[in-house]
Amino acid sequence: MHLVFSIPASLAMVRVIFFLVVGSPLVFVAQHAFAQNPCGFNAGAGRSDLTGPAAELGMMGYANPAQKTTGIHLRLSSRAFVIEDSCSSRRVVFVSADLGMITQAVKLAVIDRLKSRFGSMYTDSNVMLTATHTHSGPGGYSHFTLYNITTLGFDRANFEKIVSGISHSIESAHHRLQPVRLGLTQGELEGASVNRSLSAYRANPESGFSEGSTNKLMTLLKFEKLDGSLVGVVNWFAVHNTSMGKENKLISSDHKGFAAQRFEKETPGVVAAFANSDEGDVSPNVFGQNAQGFEEELFRASYIGELQYAKARALSSSDLEPLQGPLQYAHAWVRMPGFLVERRFSAAGPARLCRAAMGYSFAAGAEDGPSELPGFHEGMLQGQKLPLPIFLNLGVEFLRLFVGGDEQDERCHFPKPILVAPGDQNPAWSAEVLPFQVFRIGRLALIGVPGEVTTMAGRRLRKTVADALRGAGVDHVVIGGLANTYSGYVTTLEEYQLQQYEGASTQFGPNTLAAYQQIFARLSQEIARGAGQYAYGRRPGPVQTDRLVTFQTGVVYDDKRLWEKFGEVFDDASERYHRGQRVHVKFRSGHPKNSLNRPNFVYVQRWQGERWVTIARDGEFDVFYRWQRDKAIDCLACSFAHVEWRIPQSAASGWYRIVHQGDWKSGGDGKSRGYLGKTRQFWVE
């Protein structure tokens, strides 16, 4: 997550922190783990839409208050995979969602919703939700204040869209369960990633090794029916999903969404997830730090997406290693502040984690997404003069009364100078109890990490898990990034000392990675001992979403002039176009927030025989839907829908039209009603 705004720090009253060591397991079921699984696997795959309010809602990722949704380019989706061991009937669920992050509120709500539908079949322990980390999706779906600041609070509609969408994708996968063969393969993808924080990476003693400054390995899991037909694929590749920049205001699943859509379009009926991994310091901007304008961002997203698609397609067509063996899982809820890191994981003997806090360099932003806030830069350390412009310094001092750390926090986080201490609030502004998770699927171990892990931190973490599971027959370890909740970054101890953006965003201090290694080692050891399912720790309490604060205004009503109608075409299509040209049309519209349950706003249709057939719609790469308020003085509650279709070179000759659907809200009875608009027919050749 890039952050481009400043949350000033404050001095807080010294408070006593009681250390909670997560002790004996609440749940423990041990079963013998056979080297082979003679019964095989059942699996199902499902997909559902997650696209939230397409207008006037702050986006999640860059934390730019001015970045509010104004339409749709690539829709957001949840892709779910249910895997069942047919011997034990034990199940795991993996979800890759086109979101900036998975918030704790979303994870808890999804599990509660599944529980009401399926009883105890799906739990915190065997459901892993991960995010692709797009920075171009609507925000406001966390119950922690820190992540809702730039969206002006909690947005109930977007939260519900996300929870219901993820739940529906899992239910869809559940109902499609069938006998399958699982195959695993790996291969390196060159040219799709660069390390954006090389100075920090090179501080690691292992950085001179030949592995490179990013994790270039793509791991692909393939689901086939017994007749050989494809059900779905999941691949994990580590790269920030940030080809679209902080000025973009169209909802977009970015390059990972492009790759997924490309794969699924080429193979109808297949669910293809392009999941993220240890992407903390990994950028997709292989052509330089910042794209110059929207068109270049589109090019970059399609370029990186095409590379991932091509690699995944090649891997899925190659010889795959059959996955056999048991299905196991382990999970822990761990309170991080005060957690005791053992000597064997800590470089300086036993150490406790700090209360959550971010440093001054957090406000500077990353190299490929700098905030450009005056006075802030990467590498700001304790003991240095930290001069800020007067207006920023006054803001910092004022907010010290509400948010911030104390001297004890400063000592714990050294050398980080604390800008904001979200975990020092009551209630906390960010997650303090984190979920840790390990799935074992035959020879594959998938570890769910509740944050953004840098390249070297990921290597160390994978080695810890691999060492614990090697004797159990596991020889592939993959990080499922941004899993189950969000807690900032995880850097190595050496990277932390430099306080680049990633180190300043490592919330629990210099020993955060060591704590992760210790927790994941324990979970992995239990699996190695034969535990079919294992869990410990206390689940956080239920989220009272009705108590969350919002300063957002909903849709009061939609208007039009008396002689107009909703869906009326204001700028119509021309009569003829050539392939490669762009069709621009404009409709009188209602607010997109009225239409969250509509599958689409825009349909491009071609006349075939005796009927109109939809050949493209909003959410596809060549179709752009933009919403705009009417600026006319006599129509202040009026709005327009702008539609652009970039005619592909592959388009067939013939008659076409563009259809726009939506809903308008009455100011009289407060009800929403549907409308439909159509352009004239136009010829494409």
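Residues are numbered from 1 along each chain as its sequence is written, and side-chain values use heavy atoms, with hydrogens and water left out. Since we're on a predicted model, local features need pLDDT of at least 70 and side-chain atom pairs count only at pLDDT 80 or more, while totals for chains, interfaces and linings use all residues.

Okay, aromatics. Searching the whole structure turns up 28 aromatic pairs. To be clear on the term, rings of Phe, Tyr and Trp (its six-membered ring) pair if their centres lie within 6.5 Å; planes under 30 degrees apart are stacked, over 60 edge-to-face, and the rest tilted.

So why does the pair of phenylalanine 81 and phenylalanine 223 count as stacked? Because the ring centres are 5.2 Å apart and the planes sit at 20°. Phenylalanine 81 is in strand β5 (residues 77-85) and phenylalanine 223 is in strand β11 (residues 217-225), so this pair ties together parts that are 142 residues apart in sequence. Strands and helices here are DSSP runs numbered from the N terminus: E for strands, at least two residues, and H or I for helices, at least four.

Are those two phenylalanines buried or exposed? Phenylalanine 81 is buried, at a relative accessible area of 1%, and phenylalanine 223 is buried, with 1% as well. Buried means under 20% relative accessible area, exposed means over 50%, and partly exposed is in between, with a 1.4 Å probe and protein chains only.

Another one to look at is phenylalanine 154 with phenylalanine 159, a tilted pair at 5.3 Å centre to centre with 55° between the planes. Phenylalanine 154 is buried at 4%, and phenylalanine 159 counts as buried at 8%. There's also a cluster, where ring pairs link Tyr577, Trp645, Tyr656 and Phe682.

Now charges over rings, where NZ of Lys or CZ of Arg has to be within 6 Å of the ring centre and within 35 degrees of the ring normal. The charged end of arginine 522 is over the ring of tyrosine 536, 3.8 Å from its centre. Lysine 586 lies over the face of phenylalanine 640, 4.2 Å from the ring centre.

On to helix packing. Helix α8 (residues 455-469) and helix α11 (residues 512-528) have axes that come within 8 Å and cross at roughly 25°. Those axes are lines fitted to C-alpha atoms over the stretch in contact, with angles from 0 to 180 degrees between N-to-C directions. That makes α8 and α11 roughly parallel to each other; the cut-offs are under 35 degrees for roughly parallel, over 145 for roughly antiparallel, 65 to 115 for roughly perpendicular, and oblique for the rest.

Compare α4 (residues 254-266) and α5 (residues 294-317): these axes come within 8 Å too, crossing at roughly 45°, and the two helices are therefore oblique. Residues of α4 that meet α5 include Phe258, Arg262 and Phe263.

Serine 252 is buried, at 2% relative accessibility. Beyond neighbours within four places in sequence, its contacts (heavy atoms within 4.5 Å) include His73, Thr134 and Met244.

Last stop: glutamine 104, in helix α1 (residues 104-118). Glutamine 104 is buried at 4%, and among the residues it touches, not counting those up to four places away in sequence, are His143, Trp333 and Pro540.
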